[in-house]
Amino acid sequence: MAAIRLHRDIDLDETRRICVRTANSGQDSTPMTAFPDLVPDIFLVPYTVHDPDLCFVVEDGGRAVGYIVGCADTVRFATWFRDEWAPLAGRKYPQPIESPQSWDELWTYCLHFNSYPRMVVPGIEDYPSHLHIDLAPEFHRLGLGRELMLTYLKALRTAGVPGVHVCVSAQNPGGLKYYDSMGFRPIEVPDPAPVVWLGRSTDISDLIETTMVSRAN
Ligand SMILES: CC(C)(COP(=O)(O)OP(=O)(O)OC[C@H]1O[C@@H](n2cnc3c(N)ncnc32)[C@H](O)[C@@H]1OP(=O)(O)O)[C@@H](O)C(=O)NCCC(=O)NCCS
């Protein structure tokens, strides 16, 4: 039986790999990058440092096969990311350039300059949390994404957070269908493209609970 527990530092080798294997609108970005830690240093690792109580893995056979990571308060997280995380993590990569073209140039630019304005936009006030969820491709469509989301929403509720939002690539139809089935609905933000902004309450009375995984910290 798969089990859900808090993310630990020893999971990072596996969870970084999963991040890279799913980072291109749900598809593998491995061939696109010379820096396999770069995208995880934006979308995975900082959450495990800033909000470790909101970062979970699903493990199977003793290894992490998927994760959900997020933050309770996007404004606080984005401020820390801009002021503390990006200057530190950014030292590992080439200096950003003004008009990024390649995958690595784009994410280096985002790490240094663009994460705060992409994260903090009008419209997210009722949905202060945000999250990222990724499973190794061979573990898709087994109900594990649903279980990870239930775990995350319960942890938010316990922490007193009323709502959560996500940004999903418009080129990720599977991801969009998943969020729809988990009760996420469009939220209004200015200039949303090229991503779709979705939000939901942390009241999970609309979601049916199942017991297909064990949960532990
Ligand atoms: C998106 C993702 C997290 C979903 O997790 P999952 O374990 O595959 O999803 P589940 O099996 O829990 O599915 C729950 C429901 O979501 C919907 N769903 C999930 N993936 C879907 C897909 N590819 N196509 C259509 N519906 C989908 C279904 O309604 C499903 O219920 P059902 O299987 O009873 O029909 C996972 O597929 C993944 O990691 N994808 C790559 C990375 C990604 O796209 N991340 C999210 C975008 S930011």
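Helices (H or I, at least four residues) and strands (E, at least two) are, throughout this tour, DSSP runs numbered from the N terminus. Residues are numbered from 1 along each chain as its sequence is written. This is a predicted model, in which local features need pLDDT of at least 70 and side-chain atom pairs count only at pLDDT 80 or more, while totals for chains, interfaces and linings use all residues.

**The whole chain**

Start with the protein chain in cartoon view, where seven helices and eight strands can be picked out. Its radius of gyration is 16 Å, close to the 17 Å that the globule rule gives for 217 residues, so the chain is as compact as a globular protein of that length; the radius is taken over C-alpha atoms, and the rule is 2.2 Å times the number of residues to the power 0.38. Along the principal axes, the C-alpha trace spans about 50 × 40 × 30 Å.

Next select residues 2-203, which an unreviewed UniProt entry annotates as "domain: N-acetyltransferase"; such annotations may be inferred rather than shown by experiment, and the positions are given in the numbering used here. The end C-alpha atoms of this span lie 25 Å apart, and 39% of it is helix and 20% strand.

**The sheet**

Now colour the strands: eight of them form an open sheet of mixed pairing, in the order β6-β7-β5-β4-β3-β2-β1-β8, where two strands pair if DSSP finds at least two bridges between them. At the edges are β6 (185-186) and β8 (214-215), each of which pairs on one side only.

Select β1 (3-6) and β2 (56-60), which run antiparallel and are joined by four bridges; Ala3 has Glu59 of β2 as its bridge partner.

**Two backbone details**

Most residues other than glycine have a negative phi, and most peptide bonds are trans. Zoom to the loop between β4 and α6, where Arg141 is placed; Arg141 has a positive phi of about 60° although it is not a glycine. Then go to Pro194, in the loop between β6 and β7, where a cis peptide bond joins Ala193 and Pro194 with omega of about 10°.

**Helices and ligand**

Helix α7 lies across β5 and β7, running at about 160° to β5. Contact here requires C-beta atoms, placed from the backbone, within 7 Å, and axes are lines fitted to C-alpha atoms, for helices over the stretch in contact, with angles from 0 to 180 degrees between N-to-C directions.

Finally, select the ligand and the 19 residues that surround it, of which the closest are Gly26, Gly145, Arg146, Gly174 and Gly175; a residue counts as near if its C-beta atom, placed from the backbone, lies within 6 Å. The elements that give two or more residues to this shell are β4 (129-135), α6 (144-158) and α7 (173-181), and α7 gives the most, with five residues.

Conventions: Contact = placed C-beta atoms within 7 Å.
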